[in-house]
Amino acid sequence: MNPDQAAQAAQLPRRIIKETQKLLSEPAPGISASPSEENLRYFNVMILGPQQSPYEGGVFKLELFLPEDYPMAPPKVRFLTKIYHPNIDKLGRICLDILKDKWSPALQIRTVLLSIQALLSAPNPDDPLAEHVAKHWKENEKEAIATARQWTAMHAQG
Amino acid sequence: MSDDSEEFRSGSEDEEMSDYGASDADMDVEDDDDDYGFAGAEEVSTVPKVPYKVLPKEDLNKQREKALREVMDVLGIDEDTAMRVLRKYKWDSSRVQEEWFSKYDQVRESLGLVDEPGPSGRAACEAEERCFICFDSFPVRDMRSAACRHYFCKDCWRGYITQALSSGPACLDLRCPSTECKQKACVPCALVMELASGEEQSKYSTYMVRSFVEDNSSMCWCTGKNCENAIQCLVDRGPDEAMDVICSCSATFCFNCKEEAHRPVSCKTVKTWLTKNSAESENMNWILANTKPCPKCSRPIEKNQGCMHMTCSQCRFEFCWLCQGDWKEHGERTGGFYACNRFETAKKKGEYDDESRRRENAKASLERYMHYFERFDAHSKAREKARLDASKVSKDWLEQLADITKTPTSQLKFINEAWNQIVECRRMLKWTYAYGYYAFEDADRNSEVARHKGFFEFLQGDAERSLERLHEAAEKDLGAHVTKARNQADGGFDADAFQTFRKNLIGLTDVTAGFFDKLVKQLEKGFSSMEADYAGQVDDGAGPSGVNEGGEQAAGAAGGPAATGTTGHKGRRSKKARGVDEDVVLLGEQGFWTCNKCTYNNQDLTARRCEVCNEARAGPGGGAGNRR
């Protein structure tokens, strides 16, 4: 930790420091999250596409930001890698209840990221953020999954 | 206004009139009983008890406490729990009792009510434990939990509560933040109050009071400006059933949709109508109907005058309005400046048909809409004006008048009543235009709908004319009396003229109320039963062919002589029952027959066609009988 980071860390709530340490020392399988050097509230996240999902084999980049009132308010999370998914729109915004009204301060960065990983395994076209993707999913799931696979190969590999 | 007397009489015959507006009991006419020929007036009961109650703040709190107390006593629970279960069942205490006793466990589970497993013994415990929100450790006695015993430090609780309070009334159902908490235990009110700041506490209390109105299906807030009253509905309402209420602050609105009061029109019609009025789509419709795009730059162009030679004001392109071709190819050889042979030929071939038909349709529909909207809007504005006038009259003029006429203001109540009637009728009238716009869309294609429309417009017209007379009397005649009396200072007051004015105004108020009652009742009942109603009446005298004939009769009544529409049901029935032949006699007595199409009263009783519009005369002596 350089001196600049140390100064920042001194102002961080203990909870964030502890969460960060744990994320680095015991990362969840298929997930990596590390704070940015300039801002310790900003995390660079990578999630591996879950097995048996159309995202398998892809590496998805996300950004995660802890707002001032975290953990009373939920973290802000967004996909940076393009992804074809009914609950994720083209700007990478995620439709997930725990990121909104179902947030509880007892949840953590780790639980949030695990939930997002689970969302990749189980898309929910009935509560869509990306209307046309969801429509595609409901009308022709096979074709939609093929498109998702295509996008994974195109955007999330290499 | 030669038929005034006729309508006065008919107004008194209508036994069901005036459910609203002028209350006959309050009219309080002391001098004579048979005044203005209103023999029936006394029979009309007092204003019906309104099906709702206005609750000022204090009463509201009392009601709320009463509701809480009742549930606490019957269920044997504390106030906090009573609040929760009442909120869940929308403050319907009988439902609360039913559910509580039949599904005790389910109800408690859904509310996050958890039994505390005995005393925790933590109050004095010095040992430290970790808070799972901030990850710091605290002495156990300084930590708090809901009944589920998931402990967090006070600071984290505070943050959690602050966050919840800032997100609205949902904070009343705050649950344990722990992800481990399977029961989702509710956070007790006492804990919120212990940790919240003063400001937050009062916010929380406000939410609790508001819940009594906002979560309660039989309550709503008054929509009046700065009014803190609540309205309690005292009857069972069907879902989406409109109910007009008048708050003590004089705001009037619909209990169901919170829009301005709109009886007899349904909430749904009101909503569609208002959306339509505010929607841009009508502008688009206008552009579509009245403009064509410039063939070069596509800007919409309205042709408001002149010949077919157009020059776009934007790109200066010159073209022919009809065929939209370059003007260079036009002139004498294509038919001159006001026609276009190219267009005519193309039209014959059908090339322009679709577009021009669409244009025609759009234009027709827009005109129809404008017709209704203009009237809706005019009555709306007239009502606003009448409201202002009414308050001016009751504030300034009444006292002056009382001085001049040397009568107590209570005796001048009839003026207030007339004005209230005007305001109320303007409101009803304006909504009937919204009704008319939607109810008779098929009038051009469906003769039955057209008949209904005719009848509706007849009732509406009666009501409208009567209201205009009343409004005029209340505005001009009253004004004249006041000015005259003022000028003559004392002694010169013409008591007789004032008496006449009073009789006249009370009469008009009553007649208007009668007309509006009839209109409102008919709209609420709908027109589908209209045929049946009339058929029944005809059956009495005219035998089995009644149904068909009923239709004709209904149409006859719709456009028919004023007497038919304005007499009470009883009168009409007996007249119909006498049969067709006697109608001829009746017509003779009346001295005219009314055209079904243009409603002109023809004096020539032998004429077979209307003097004005040349429509064949319906009914006896006319062509209607032969039409079938």
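Start where the chains meet: the side chains of B:Asp136 and A:Arg14 form a salt bridge, with 2.1 Å from N to O. The term covers a side-chain nitrogen of Lys or Arg within 4 Å of a carboxyl oxygen of Asp or Glu. Across the interface of chain A and chain B, the rule finds one salt bridge.

Some ground rules before going on. This is a predicted model, in which local features need pLDDT of at least 70 and side-chain atom pairs count only at pLDDT 80 or more, while totals for chains, interfaces and linings use all residues. Side-chain values use heavy atoms, with hydrogens and water left out; residues are numbered from 1 along each chain as its sequence is written, and chains are lettered from A and ligands numbered from 1 in the order in which they are written.

Back to the interface. Between chain A and chain B there are three residue pairs in polar contact, both residues at pLDDT 80 or more. Such a contact is a pair of N or O atoms within 3.5 Å; within protein, one must be able to donate a hydrogen and the other to accept it, and residues adjacent in sequence count only if both atoms are side-chain atoms. On the side of chain A that touches chain B, you'll find six nonpolar, two polar and five charged residues. Here Ala, Val, Leu, Ile, Met, Phe, Trp, Tyr, Cys and Pro count as nonpolar, Asp, Glu, Lys and Arg as charged, and the others, Gly among them, as polar.

The contact (heavy atoms within 4.5 Å) takes 13 residues from chain A and 13 residues from chain B. Together the two chains bury about 1000 Å², 63% of it on carbon and sulfur atoms; that is the accessible area (1.4 Å probe) that two parts lose on being put together, summed over both. A:Arg15, A:Met72 and A:Ala106 supply 47% of the area that chain A buries against chain B, more than any other three residues.

Now look inside chain A. Four strands make an open antiparallel sheet in the order S1-S2-S3-S4. Strands (E, at least two residues) and helices (H or I, at least four) are DSSP runs numbered from the N terminus, and two strands pair if DSSP finds at least two bridges between them. S1 (31-35) and S4 of chain A stand at the edges with a single partner strand each, so one side of each has no neighbour in the sheet. Neighbouring strands are turned by 20° against each other on average, direction ignored. For angles, axes are lines fitted to C-alpha atoms, for helices over the stretch in contact, and values run from 0 to 180 degrees between N-to-C directions. Helix H3 (residues 109-121) of chain A packs on this sheet, touching S1, S2, S3 and S4 of chain A, at about 35° to S2(A).

Seven bridges join S2 (residues 42-48) to S3 (residues 59-65) in chain A, and A:Met46 has A:Lys61 as its bridge partner in S3(A).

Chain B has an open antiparallel sheet too, with three strands in the order S1-S7-S6. The twist averages 25° from one strand to the next. S6(B) pairs with S7 (residues 230-233) of chain B over three bridges, and B:Cys220 stands opposite B:Ile231 in S7(B). Helix H9 (residues 198-214) of chain B touches S6 and S7 of chain B, its direction making about 120° with that of S6(B).
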